[in-house]
Amino acid sequence: MTTTEGGTVQHRDAPWWTDATVYQIYPRSFADGNGDGVGDLAGIRQRLGHLADLGVDVIWLSPIYRSPQADNGYDISDYDDIDPLFGTLDEFDALMGEVHALGMKLVMDLVVNHTSDEHAWFEQARSSRDDPKRDWYIWRDPLPVGPDGRGEGTDAAGTPGAGTFPTAWRSAFSGPAWTLDEATGQYYLHMFASKQPDLNWENPALRQAVYDMMNRWLDRGVDGFRMDVINHIAKDPASLEPGARGFVMGGRIHDHLREMHRYVFASRTDRELITVGEMPGVTVDDAALFTAQDRHELDMVFQFEHVGLDHGPSSKFDNRPFDLVALKRSLGRWQDGLADAGWNSLYLGNHDQPRSLSRFGDDGAHRYESATMLAAVLHLHRGTPYVYQGDEIGMTNAGFTSIEQYRDIESINWYAEEVEAGADPEVLLESLRFRSRDNARTPVQWSGGDAAGFSTGTPWIEVVANHHAVNVEADRASSDRSVFDWYRRLIALRHESPVVAHGRFEMLAPDDDRLYAFTRTLGDEQLLVLANWSGEPYELDPALHPVLRRRSVPEVVLGNVPHGIGSLTLAPWEVRVLRA
Ligand code: GLC
């Protein structure tokens with residue numbers, strides 16, 4: 001068990017994943033081994049050397065299960081098979097063996113808030129109201145229609161008192177969260193696309209079926225799960241009452257996760273496994289409960305607070321300017337809130353977010369400096385860092401200018417709904433250019449050649465135009481400006497220096513709107529991180545930290561602008577990590 005002393009987890013007792021780095025592969029965009037334009041397991045196997053060189057400990061694969069691909073695999077029709085688009089179970093076993101032989105672990109995506117509507121469970125459930133699987137999903141009768149012909153529920157546009165929809169929920173991918181199953185005359189709930197019906201976690205047989213499936217994957221050799229929108233599995237009963245406007249997490253989430261732990265993980269103490277739960281809307285206090293080790297729920301969660309700061313109140317497509325002080329306040333609160341109990345996961349991007357470099361940095365003139373600065377700030381927080389594919393070479397947003405270039409169901413549905421409502425298409429395209437999930441889903445740029453070396457065929461989504469300059473080959477060949485090499489050094493530093501994994505975190509100058517500065521302290525060792533989060537030079541105030549007042553030049557652990565060292569001026573986007 002982990003003990004705390006002076007607010008610092010004692011690293012000798014800490015779980016293995018506290019000094020690990022996870023790399024996320026979005027399989028359809030990583031590498032295409034068979035030339036059909038879609039990434040696959042064969043492609044991943046060809047590129048494992050890249051990940052071993054980077055030094056990451058864990059690979060998380062976004063879903064590769066059998067799926068109609070309505071949401072790129074987050075709509076699963078068979079949890080026990082690999083989609084032919086990606087390969088076969090034999091190829092999966094071979095991949096897992098190779099990952100393990102290279103000293104890395106393999107984590108699967110677990111999508112159990114919903115299945116595909118083409119999953120055999122749902123096909124059975126919708127076959128009759130009396131089918132035993134009916135209750136594995138969430139069904140409601142249409143609300144009554146009054147003598148005036150108006151329903152007591154909402155209509156498809158969300159207008160209350162105008163239709164028969166059971167609640168006013170909107171799907172995350174536009175439109176109502178309910179779809180009428182004509183044959184059986186009831187609505188089913190889908191928080192995402194209508195092809196992603198939500199499972200009913202109140203049903204014990206469904207829960208057991210999920211645990212059995214997880215056990216089969218662990219028996220096969222996988223090393224854990226990233227759990228998709230896992231806090232959504234427990235719906236507060238009030239969110240299903242007529243008039244409810246959306247999802248509220250139910251208290252039973254803790255029961256479900258503890259039960260899952262008992263049935264799936266508790267007996268596997270001889271294995272080094274990892275669990276991370278994706279939890280939109282989770283608060284620091286909730287996260288402390290979910291990740292306190294003695295509660296046996298999850299190892300860590302993905303929280304969303306910091307990636308929502310530049311969203312306006314109406315939707316994620318309502319772009320607001322980035323505010324560094326707000327970001328520091330948020331991440332600082334998560335560092336403090338999970339200092340004694342629980343554990344943070346650290347991320348700035350993934351397959352659902354725009355490219356972190358384009359969002360928070362300068363993806364033009366200062367691409368190298370801002371990519372490395374962002375990486376250093378993130379990886380030197382306390383928690384387990386997640387590298388999203390392509391970030392390790394400073395990939396940028398897609399730069400798409402026409403709706404035909406987009407593939408993501410969320411972007412396409414939102415655009416169609418807004419155009420229908422009369423919005424200006426140019427304004428919508430501008431929002432998508434910043435916010436669409438496709439920004440992070442373009443093919444990994446392996447070379448400057450055709451299709452960026454991703455595929456010998458035509459990629460399912462266009463490669464970014466800058467692939468001639470921004471690619472793995474060019475980046476790794478650079479002797480002094482390789483983003484890959486910088487990530488490699490950060491990951492190695494975490495392995496070598498317990499202060500990185502375990503040191504106490506303290507934010508400095510929290511109200512400064514250009515400087516991101518903090519210390520990490522373990523025993524008598526301290527690191528000072530100084531990052532200029534702006535495109536202008538920054539004058540450091542010596543009052544910030546004693547090391548800046550010393551006559552001697554401090555030891556520079558890492559720096560992305562060599563000429564700046566020793567001076568009190570940080571160059572644009574410079575980061576310095578000093579031993580204090
Ligand atoms: C999660 C996934 C996202 C998916 C959604 C529905 O947020 O990360 O890609 O669309 O869940 O499964």
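This report describes the domains, pockets and cavities of a predicted protein model, together with the setting of one histidine.

## Domains

The structure is a predicted model. Two domains are assigned in the protein chain: domain 1 covers residues 120–189, and domain 2 covers residues 503–579. Between the C-alpha centres of domain 1 and domain 2 the distance is 56 Å.

## The largest pocket

The largest pocket holds about 1300 Å³ of space. Its lining is made up of 43 residues, and those nearest the centre of the pocket are Ala172, Phe192, Pro280, Lys316 and Glu410.

Helix α12, which spans residues 409–420, contributes the most to the lining of this pocket, with four residues. Sorted by class, the lining of the largest pocket contains 15 nonpolar, 15 polar and 13 charged residues.

## The second largest pocket

A volume of about 590 Å³ is found for the second largest pocket. It is lined by 23 residues, and Trp17, His261, Leu273, Gln293 and Asp299 are the ones that lie nearest its centre. In the lining of the second largest pocket, ten residues are nonpolar, six are polar and seven are charged.

## The largest cavity

The model has six cavities of 30 Å³ or more. The largest cavity has a volume of about 140 Å³. It is lined by 16 residues, with Leu348, Ser356, Ala375, Asp391 and Tyr487 closest to its centre.

Three elements, α10 (356–360), α11 (367–379) and β15 (384–388), each give two or more residues to the lining of the largest cavity. The largest share comes from α11, which supplies five residues. By class, eleven residues of the lining of the largest cavity are nonpolar, four are polar and one is charged.

## The second largest cavity

The second largest cavity contains about 90 Å³ of space. Its lining consists of Gln303, His306, Leu331, Trp334, Gln335, Asn344, Ser345, Leu346, Tyr347, Leu378 and His381.

At least two residues of this lining come from each of α9 (324–337) and β14 (345–346). Helix α9 provides the largest share, three residues. The lining of the second largest cavity has five nonpolar residues, six polar residues and no charged residues.

## The setting of His119

His119 is located in a loop, between β7 (105–110) and α5 (120–125). The relative accessible area of His119 is 6%, so this residue counts as buried, the cut-off being under 20%.

A polar atom of the His119 side chain lies 2.9 Å from the backbone nitrogen of Trp121. When neighbours within four places in sequence are left aside, the residues in contact with His119 are Ile76, Ser77, Asp78, Tyr79 and Tyr137.

How values were computed
Residues are numbered from 1 along each chain as its sequence is written. This is a predicted model: local features need pLDDT of at least 70, side-chain atom pairs count only at pLDDT 80 or more; totals for chains, interfaces and linings use all residues. Side-chain values use heavy atoms; hydrogens and water are left out. Domain bounds come from an automatic or database domain assignment. On a 1 Å grid over the protein atoms alone, a cavity is a set of points where a 1.4 Å probe fits but cannot get out, and a pocket is an open set with protein on both sides within 12 Å along at least five of seven lines; lining residues have an atom within 4 Å of a point. Grid points are joined across faces, edges and corners, and a volume is the space filled by probe spheres set on the points. Ala, Val, Leu, Ile, Met, Phe, Trp, Tyr, Cys and Pro count as nonpolar, Asp, Glu, Lys and Arg as charged, and the others, Gly among them, as polar. Buried means under 20% relative accessible area, exposed over 50%, partly exposed in between (1.4 Å probe, protein chains only). A polar contact is a pair of N or O atoms within 3.5 Å; within protein, one must be able to donate a hydrogen and the other to accept it, and residues adjacent in sequence count only if both atoms are side-chain atoms. Contact means heavy atoms within 4.5 Å.
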